[in-house]
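I am opening the notebook on this chain.

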Amino acid sequence: MQKSRSRQSSRDTGEFSMIERVVHINRVAKVVKGGRNFSFNAIVVVGDGDGKVGFGLGKANEVTDAINKGTDLAKRNLKKIPMSGTTITHSIIGRYGAAKVMLKPASPGTGVIAGGPVRAVMECLGVKDVLTKVLGTNNPHNVVKATMEGLQSCRDLLTTAKQRGISIRRILEMD
(Lines give C-alpha, C1' and ligand atoms only; values in the text may rest on other atoms or scores of the structure.)
Protein backbone atom coordinates (compact mmCIF):
# COMPACT_ATOMS: atom_id res chain seq x y z
CA MET A 1 0.00 0.00 0.00
CA GLN A 2 1.77 3.11 -1.19
CA LYS A 3 0.61 6.66 -0.70
CA SER A 4 2.25 9.89 -1.68
CA ARG A 5 0.82 13.15 -0.50
CA SER A 6 2.14 16.50 0.52
CA ARG A 7 0.89 19.14 2.86
CA GLN A 8 2.07 22.55 3.94
CA SER A 9 2.37 22.78 7.70
CA SER A 10 3.19 25.67 9.96
CA ARG A 11 1.93 24.36 13.29
CA ASP A 12 5.31 24.24 15.08
CA THR A 13 6.83 27.48 13.82
CA GLY A 14 4.97 30.56 12.75
CA GLU A 15 7.83 32.02 10.69
CA PHE A 16 7.97 29.55 7.82
CA SER A 17 6.06 26.55 6.56
CA MET A 18 7.52 23.09 6.15
CA ILE A 19 6.83 20.85 3.18
CA GLU A 20 5.84 17.35 4.31
CA ARG A 21 5.74 14.36 1.97
CA VAL A 22 4.55 10.88 2.92
CA VAL A 23 6.71 8.64 0.74
CA HIS A 24 5.43 5.19 1.72
CA ILE A 25 3.02 3.58 4.15
CA ASN A 26 3.51 -0.07 5.01
CA ARG A 27 1.00 -2.30 6.81
CA VAL A 28 2.58 -4.92 9.07
CA ALA A 29 0.63 -7.92 10.40
CA LYS A 30 1.64 -9.77 13.57
CA VAL A 31 -0.09 -13.13 13.98
CA VAL A 32 -1.15 -13.81 17.57
CA LYS A 33 -3.41 -16.38 19.23
CA GLY A 34 -6.53 -14.25 18.75
CA GLY A 35 -5.87 -13.41 15.09
CA ARG A 36 -3.80 -10.70 13.43
CA ASN A 37 -2.63 -7.42 14.88
CA PHE A 38 -2.04 -4.75 12.26
CA SER A 39 0.33 -1.84 12.65
CA PHE A 40 1.63 0.73 10.20
CA ASN A 41 4.93 2.39 9.45
CA ALA A 42 5.27 5.54 7.38
CA ILE A 43 8.38 7.12 5.92
CA VAL A 44 8.00 10.89 5.81
CA VAL A 45 10.26 13.55 4.23
CA VAL A 46 10.15 17.13 5.56
CA GLY A 47 11.92 20.19 4.18
CA ASP A 48 11.76 23.96 4.14
CA GLY A 49 12.12 24.23 0.35
CA ASP A 50 15.31 26.24 0.81
CA GLY A 51 18.16 23.79 1.42
CA LYS A 52 17.06 21.90 4.54
CA VAL A 53 15.63 18.39 4.43
CA GLY A 54 15.15 15.43 6.77
CA PHE A 55 13.34 12.11 6.88
CA GLY A 56 11.74 10.00 9.58
CA LEU A 57 10.19 6.57 10.01
CA GLY A 58 7.14 6.53 12.26
CA LYS A 59 5.52 3.34 13.53
CA ALA A 60 2.11 3.12 15.19
CA ASN A 61 -1.17 1.18 15.27
CA GLU A 62 -2.93 3.91 13.26
CA VAL A 63 -1.84 5.48 9.97
CA THR A 64 -2.24 9.08 11.16
CA ASP A 65 -0.21 8.40 14.30
CA ALA A 66 2.55 6.80 12.22
CA ILE A 67 2.64 9.83 9.88
CA ASN A 68 2.75 12.26 12.83
CA LYS A 69 5.60 10.33 14.49
CA GLY A 70 7.52 10.22 11.20
CA THR A 71 7.00 13.96 10.70
CA ASP A 72 8.24 14.79 14.20
CA LEU A 73 11.32 12.60 13.72
CA ALA A 74 12.01 14.16 10.31
CA LYS A 75 11.82 17.70 11.76
CA ARG A 76 14.39 16.74 14.40
CA ASN A 77 16.74 15.34 11.75
CA LEU A 78 16.84 18.30 9.34
CA LYS A 79 20.14 18.64 7.48
CA LYS A 80 21.45 21.68 5.59
CA ILE A 81 22.42 20.77 2.01
CA PRO A 82 24.51 23.12 -0.16
CA MET A 83 22.82 24.13 -3.40
CA SER A 84 23.87 25.98 -6.51
CA GLY A 85 20.89 28.10 -7.52
CA THR A 86 18.00 25.73 -8.22
CA THR A 87 20.13 22.59 -8.52
CA ILE A 88 22.73 20.60 -6.60
CA THR A 89 26.39 21.58 -6.68
CA HIS A 90 27.89 18.51 -8.41
CA SER A 91 27.19 14.92 -9.49
CA ILE A 92 26.81 12.45 -6.65
CA ILE A 93 26.15 8.75 -6.16
CA GLY A 94 24.50 7.97 -2.84
CA ARG A 95 24.58 4.42 -1.50
CA TYR A 96 22.63 2.70 1.25
CA GLY A 97 22.27 -1.08 1.39
CA ALA A 98 21.49 -2.34 -2.11
CA ALA A 99 20.18 1.06 -3.23
CA LYS A 100 22.25 3.45 -5.33
CA VAL A 101 20.94 6.85 -6.34
CA MET A 102 22.69 8.90 -9.01
CA LEU A 103 22.09 12.66 -8.77
CA LYS A 104 23.24 15.11 -11.46
CA PRO A 105 22.83 18.88 -11.61
CA ALA A 106 20.72 20.13 -14.51
CA SER A 107 20.36 23.40 -16.36
CA PRO A 108 17.53 25.77 -15.37
CA GLY A 109 14.16 24.76 -16.75
CA THR A 110 14.88 21.02 -16.79
CA GLY A 111 12.69 20.21 -13.81
CA VAL A 112 12.95 17.35 -11.33
CA ILE A 113 13.50 14.16 -13.32
CA ALA A 114 13.11 11.61 -10.54
CA GLY A 115 11.05 8.70 -9.25
CA GLY A 116 8.77 8.81 -6.21
CA PRO A 117 11.06 8.67 -3.15
CA VAL A 118 13.85 10.75 -4.73
CA ARG A 119 11.32 13.29 -6.05
CA ALA A 120 9.88 13.73 -2.55
CA VAL A 121 13.34 14.48 -1.12
CA MET A 122 14.23 16.89 -3.96
CA GLU A 123 10.96 18.82 -3.75
CA CYS A 124 11.20 19.17 0.03
CA LEU A 125 14.81 20.32 -0.35
CA GLY A 126 13.79 22.99 -2.86
CA VAL A 127 15.73 21.64 -5.84
CA LYS A 128 13.99 22.61 -9.07
CA ASP A 129 16.39 21.18 -11.68
CA VAL A 130 18.03 17.77 -11.25
CA LEU A 131 18.49 14.49 -13.10
CA THR A 132 18.33 11.29 -11.05
CA LYS A 133 18.43 7.54 -11.54
CA VAL A 134 17.77 4.84 -8.94
CA LEU A 135 19.98 1.79 -9.37
CA GLY A 136 19.75 -1.50 -7.51
CA THR A 137 16.74 -1.87 -5.26
CA ASN A 138 13.58 0.22 -5.41
CA ASN A 139 12.79 -0.21 -1.70
CA PRO A 140 11.53 3.28 -0.72
CA HIS A 141 13.20 3.18 2.72
CA ASN A 142 16.65 2.46 1.27
CA VAL A 143 16.16 4.84 -1.69
CA VAL A 144 15.37 7.76 0.65
CA LYS A 145 18.37 6.89 2.85
CA ALA A 146 20.67 6.59 -0.19
CA THR A 147 19.45 9.97 -1.48
CA MET A 148 20.14 11.58 1.90
CA GLU A 149 23.61 9.95 2.08
CA GLY A 150 24.43 11.36 -1.34
CA LEU A 151 23.15 14.84 -0.51
CA GLN A 152 25.08 14.94 2.77
CA SER A 153 28.31 14.18 0.87
CA CYS A 154 27.63 17.18 -1.38
CA ARG A 155 30.14 20.01 -0.89
CA ASP A 156 29.84 23.68 -1.73
CA LEU A 157 32.42 25.76 -3.58
CA LEU A 158 33.74 27.58 -0.52
CA THR A 159 34.38 24.36 1.44
CA THR A 160 36.19 22.79 -1.51
CA ALA A 161 38.37 25.89 -1.94
CA LYS A 162 39.33 25.89 1.75
CA GLN A 163 40.22 22.18 1.69
CA ARG A 164 42.44 22.64 -1.35
CA GLY A 165 43.95 25.87 -0.06
CA ILE A 166 43.16 27.82 -3.22
CA SER A 167 40.80 30.61 -4.25
CA ILE A 168 37.28 30.04 -5.58
CA ARG A 169 38.29 31.67 -8.86
CA ARG A 170 40.92 28.96 -9.42
CA ILE A 171 38.35 26.19 -8.82
CA LEU A 172 36.03 27.79 -11.37
CA GLU A 173 38.90 27.89 -13.87
CA MET A 174 39.48 24.13 -13.37
CA ASP A 175 35.92 23.29 -14.40
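I counted five helices and 11 strands in the protein chain; helices (H or I, at least four residues) and strands (E, at least two) are DSSP runs, numbered from the N terminus. The model is predicted, so I note that local features need pLDDT of at least 70 and side-chain atom pairs count only at pLDDT 80 or more, while totals for chains, interfaces and linings use all residues. Residues are numbered from 1 along each chain as its sequence is written, and side-chain values use heavy atoms, with hydrogens and water left out.

Entry: whole chain. I looked up burial and found that 39% of the 175 residues count as buried. Buried means under 20% relative accessible area, exposed over 50%, and partly exposed in between (1.4 Å probe, protein chains only). I then checked contacts, meaning heavy atoms within 4.5 Å. Of the contacts with a separation of 6 or more, 50% are between residues 24 or more positions apart. The accessible surface comes to about 10000 Å², and carbon and sulfur atoms hold 48% of it. Areas come from the Shrake-Rupley method with a 1.4 Å probe; for residues, only the protein chains shown count as cover.

Entry: cores. I searched for nonpolar cores, that is, sets of buried Ala, Val, Leu, Ile, Met, Phe, Trp, Tyr and Cys residues joined through side-chain atoms within 4.5 Å. The largest has 27 residues, and Val53, Leu103, Met122 and Leu151 have the most contacts inside it. At least two of its residues come from each of β2 (18-32), β3 (35-47), β9 (99-105), α2 (116-125) and α3 (140-152). With six residues, α2 gives the most to this core. A second, separate core has 12 residues, among them Phe40, Ala42, Val44 and Ile67.

Entry: two residues inside. Beyond four places in sequence, Met122 touches Leu103, Val112, Val127, Val130, Thr147 and Leu151. I followed Thr147, which lies in helix α3. Thr147 counts as buried because its relative accessibility is 0%.

Entry: surface. I found a nonpolar surface patch of Leu157, Leu158, Ile168 and Leu172, with about 330 Å² of accessible area together. Such a patch takes Val, Leu, Ile, Met, Phe, Trp or Tyr residues with over 30% relative accessible area and no salt bridge, their side chains joined within 5 Å. A salt bridge is a side-chain nitrogen of Lys or Arg within 4 Å of a carboxyl oxygen of Asp or Glu. Two or more of the patch residues come from each of α4 (157-164) and α5 (168-174). Leu157 is in helix α4 and is partly exposed, at 34% relative accessible area.

Conventions: Patches are made of residues with over 30% relative accessible area and no salt bridge: like charges are joined within 9 Å, nonpolar side chains (Val, Leu, Ile, Met, Phe, Trp, Tyr) within 5 Å.
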